[in-house]
Amino acid sequence: MRELFADWKKLGHQLGFGIGISYGYATVGIVGSEGRFDCTASGTSINTVARLCDMAENDKVPILPRTWAAIEGEFEAES
């Protein structure tokens with residue numbers, strides 16, 4: 001993303017990128033009625049990741065301790 005943003009900055013665009021990652025169970029399925037339906041996900045982890053995304057600053061990826069416990073040793077991180 002950093003490389004992409006650098007290219008876009010040369011074109012006059014000022015963009016940022018921040019995401020959140022949550023770890024847990026979610027229910028995924030199709031909702032709707034005949035003629036119109038969508039795929040969606042719901043559950044505690046979905047609500048949590050939505051809040052983490054709202055908190056995310058440019059170039060940052062906030063996670064919860066539960067998520068860190070699942071990936072510890074696989075990635076570098078700082079608090």
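Student: Quick one on Cys-53: buried, exposed or partly exposed?
Tutor: Cys-53 is partly exposed, with a relative accessible area of 36%. Keep in mind that this is a predicted model.

Student: Let's back up. What elements are there in the protein?
Tutor: Three helices and two strands. Starting at the N terminus, they run α-β-β-α-α.

Student: What's the radius of gyration?
Tutor: The protein has 17 Å, whereas a compact globule of 79 residues would be near 12 Å. Along the principal axes, the C-alpha atoms fill a box of roughly 45 × 35 × 20 Å.

Student: What share of the residues counts as buried?
Tutor: 10% of the 79 residues. The protein exposes about 6900 Å², and 54% of that comes from carbon and sulfur atoms.

Student: Which residues make the nonpolar surface patch?
Tutor: Met-1, Leu-4, Trp-8, Leu-11, Leu-15 and Phe-17 make it, and the patch covers about 560 Å².

Student: Where does Leu-11 sit?
Tutor: In the loop between helix H1 (2-10) and strand S1 (27-33). Leu-11 is exposed, with a relative accessible area of 64%. Patch members need over 30%, so Leu-11 clears that cut-off.

Student: Switching topic: what's up with the phi of Asp-59?
Tutor: Asp-59 has a positive phi, about 70°, even though it isn't a glycine.

Student: Which loop is Asp-59 in?
Tutor: The one between helix H2 (44-55) and helix H3 (65-71). Asp-59 is partly exposed there, with a relative accessible area of 41%.

Student: Last thing. Of the contacts between residues at least 6 apart in sequence, what share joins residues at least 24 apart?
Tutor: That share is 49%.

Definitions and conventions:
Residues are numbered from 1 along each chain as its sequence is written. This is a predicted model: local features need pLDDT of at least 70, side-chain atom pairs count only at pLDDT 80 or more; totals for chains, interfaces and linings use all residues. Side-chain values use heavy atoms; hydrogens and water are left out. Patches are made of residues with over 30% relative accessible area and no salt bridge: like charges are joined within 9 Å, nonpolar side chains (Val, Leu, Ile, Met, Phe, Trp, Tyr) within 5 Å. Accessible areas come from the Shrake-Rupley method with a 1.4 Å probe; for residues, only the protein chains shown count as cover. A salt bridge is a side-chain nitrogen of Lys or Arg within 4 Å of a carboxyl oxygen of Asp or Glu. Helices (H or I, at least four residues) and strands (E, at least two) are DSSP runs, numbered from the N terminus. Buried means under 20% relative accessible area, exposed over 50%, partly exposed in between (1.4 Å probe, protein chains only). The radius of gyration is taken over C-alpha atoms; the globule rule is 2.2 Å times the number of residues to the power 0.38. Contact means heavy atoms within 4.5 Å.
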